[in-house]
Amino acid sequence: MKFRAVFTIAAVAMLSACGLNSVPTAEENAKAKWGEVENQYQRRSDLIPNLVATVKAAGAQEKSILVEVTQARAAANTVKVSGDDLKDPAKVQQFAQVQGALSLSLQRLQEAYPDLKSQGNYTTLMSQLEGTENRITIARSDYNTAVQAYNVTIRTFPDAIGAKIFYGAKPMVLFKATTPAAETAPKVDFGNGN
């Protein structure tokens with residue numbers, strides 16, 4: 001009777017040390033970490049094109065204002081009125097028109113200046129790009145750490161016994177960037193040929 005109790009306790013201890021719980025726990029942890037890798041790639045796929053489009057739109061709006069001011073300034077510099085031309089009403093009128101157009105453009109620029117934010121948008125985009133790539137790097141590193149823990153669990157005694165007998169466990173594969181497919185960061189293109 002005593003022998004049976006000792007045998008039962010020993011058998012329970014051996015079974016509990018055979019990876020019945022540690023193997024599936026390690027496997028599920030690695031799968032969850034992989035899910036986070038995929039989540040970060042999806043975040044990048046969703047976020048970056050939208051940020052680029054926003055920055056491009058803001059930059060285009062600002063560009064049109066600045067181009068208008070530059071053109072008005074150039075036009076204002078082409079019309080010259082000398083002292084002798086002050087008696088010609090058409091020349092004075094032409095000079096007044098181009099100067100007025102420049103003043104109007106400068107006024108638009110001054111009114112829009114608080115809304116000219118493309119530099120800040122580019123800075124935000126760069127920060128988001130860096131942060132996104134850092135998140136992906138951390139997620140891949142966490143996944144590889146979880147896979148390493150799982151692979152060690154299924155290969156070391158006594159968990160290897162339960163891993164083989166109960167689960168038929170096989171090692172998981174570490175993340176390795178070998179193809180330029182989904183793992184390739186998107187190209188940021190503002191359409192200006194650079």
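Mentor: Happy to; we will start with the overall fold, move to the rings and the core, and end with the charged pairs and one threonine. This is a predicted model, so local features need pLDDT of at least 70 and side-chain atom pairs count only at pLDDT 80 or more, while totals for chains, interfaces and linings use all residues. Residues are numbered from 1 along each chain as its sequence is written, and side-chain values use heavy atoms, with hydrogens and water left out.

The protein has five helices and zero strands; helices (H or I, at least four residues) and strands (E, at least two) are DSSP runs, numbered from the N terminus. Of its 194 residues, 24% are buried, where buried means under 20% relative accessible area, exposed over 50%, and partly exposed in between (1.4 Å probe, protein chains only).

Now to the rings. A search of the whole structure finds two aromatic pairs. In one of them, W34 and F175 have ring centres 6.1 Å apart and planes at 35°, so this pair is tilted. Rings of Phe, Tyr and Trp (its six-membered ring) pair if their centres lie within 6.5 Å, with planes under 30 degrees apart counted as stacked, over 60 as edge-to-face and the rest as tilted. Because W34 lies in helix α2 (residues 22-78) and F175 in the segment after α5 (159-167), the pair ties together parts that are 141 residues apart in sequence. W34 is partly exposed at 29% relative accessible area, whereas F175 is buried at 14%. Ring pairs also bring in Y143, making a cluster of W34, Y143 and F175.

Y143 and F175 also belong to the largest nonpolar core, which has nine residues: A30, V37, Y41, I136, A139, Y143, A146, V147 and F175. A nonpolar core is a set of buried Ala, Val, Leu, Ile, Met, Phe, Trp, Tyr and Cys residues joined through side-chain atoms within 4.5 Å. Helices α2 and α4 are the elements that give two or more residues to this core, and α4 gives the most, with five.

Next, the charges. There are three salt bridges in the whole structure, each a side-chain nitrogen of Lys or Arg within 4 Å of a carboxyl oxygen of Asp or Glu. E133 and R44 form one of them, with the closest N and O atoms 2.9 Å apart. This pair links helix α4, which holds E133, to helix α2, which holds R44, across 89 residues. R44 is buried at 3% relative accessible area, while E133 is partly exposed at 29%. K31 bridges to E27 at 3.6 Å and to E28 at 3.8 Å, N to O, and salt bridges link E27, E28 and K31 into a network.

Finally, look at T153 in helix α4 (residues 118-155). T153 is buried, at 15% relative accessibility, and its side chain reaches the backbone oxygen of A149 at 2.8 Å. Beyond its neighbours within four places in sequence, T153 is in contact with S22, V23, A26, D159 and A160.

Terms used:
Polar contact = N/O pair within 3.5 Å; in protein donor to acceptor, adjacent residues only side chain to side chain. Contact = heavy atoms within 4.5 Å.
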